[in-house]
Amino acid sequence: MPEKAPTSDSFLDLHDEQIDTQAQRAQERMIQLQREQDQVSKQYRELEELKRKRTQFDEGKDEMVEKFTRALVVVEREIYDTQKRVELLQSIRESFAAHADNLDAINPKSWDGLDVNKELTKALSAVDDARAEYQKGIPKITPEADTDGADPVAASAGVRYEDASHDQRDFIYWLKAGFAFTLPMFAIGVVLIVVLIAIFNR
């Protein structure tokens, strides 16, 4: 049992040595209680710090899991769109390569002994088909290119007409383009006339 603390009356009966002993014990008890209080306070602070860190972890975890979940949806959509884009570009590349090879294989010099008019019609049809395929495919290659209405592929290579007026530039562009389109047909027409004259003069 703990020692019973002496009452005020009993202090009168104590000798000086007993008083000193009781005082020393009380002081030691106070020191022990202070140490216990300090230890409890330290444990309380440590528990509060652990609680703060746990709350910070839980909030950070929930935040980042939510952000990653949303981001993964966006990434998956971008991957899907990119794959579709790659498939589209591969299809356009194959089509452009086929038309280029087909046009490159057309050689008017090899038409000797053939129906020139028929061969020329077929050649012009191939050019028209190639032009239509080109005009259909180019916007898909550079859908966001700002080329002021010009060919985006030519524009990306630096082929631009620079004039003072926008309207004048458009006119010159189309004038040159029309001349470029009709020049091959004019040359083929001249060749055809020469061939026909040579046939009739035999």
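This is a predicted model: local features need pLDDT of at least 70, side-chain atom pairs count only at pLDDT 80 or more; totals for chains, interfaces and linings use all residues.

Residues are numbered from 1 along each chain as its sequence is written, and side-chain values use heavy atoms, with hydrogens and water left out.

**Exercise 1. The whole chain**

Task: Work out the secondary structure of the chain and the share of its residues that count as buried.

Solution: Start with the elements, where helices (H or I, at least four residues) and strands (E, at least two) are DSSP runs numbered from the N terminus. The chain has 5 helices and 0 strands, giving the pattern α-α-α-α-α along the sequence. Next, take burial: buried means under 20% relative accessible area, exposed over 50%, and partly exposed in between, with a 1.4 Å probe and protein chains only. By that rule, 9% of the 202 residues are buried. Finally, turn to contacts (heavy atoms within 4.5 Å). Of those between residues at least 6 apart in sequence, 49% join residues at least 24 apart.

**Exercise 2. Two packed helices**

Task: Describe how α2 and α3 pack.

Solution: Two packed helices are described by the angle between their axes and the distance between the axes. Axes are lines fitted to C-alpha atoms, for helices over the stretch in contact, and angles run from 0 to 180 degrees between N-to-C directions. For α2 (residues 16–105) and α3 (residues 116–141), the angle is about 155° and the axes are 10 Å apart. The two helices are therefore roughly antiparallel, a label for angles over 145 degrees. Now look at the residues that meet: among them are Leu-88, Ser-95 and His-99 in α2, and Ala-130, Glu-133 and Ile-138 in α3. The residues of this contact divide into 11 nonpolar, 4 polar and 4 charged. Here Ala, Val, Leu, Ile, Met, Phe, Trp, Tyr, Cys and Pro count as nonpolar, Asp, Glu, Lys and Arg as charged, and the others, Gly among them, as polar.

**Exercise 3. The aromatic pair**

Task: Characterise the geometry of the rings of Phe-96 and Tyr-134.

Solution: Rings of Phe, Tyr and Trp (its six-membered ring) pair if their centres lie within 6.5 Å, and planes under 30 degrees apart count as stacked, over 60 as edge-to-face and the rest as tilted. The count comes to 1 aromatic pair. Phe-96 and Tyr-134 are stacked, at 5.8 Å centre to centre and 25° between the planes. The pair links Phe-96 in α2 with Tyr-134 in α3, 38 residues apart. Phe-96 is partly exposed at 22% relative accessible area, and Tyr-134 is partly exposed at 31%.

Terms used: Angles under 35 degrees count as roughly parallel, over 145 as roughly antiparallel, 65 to 115 as roughly perpendicular and the rest as oblique.
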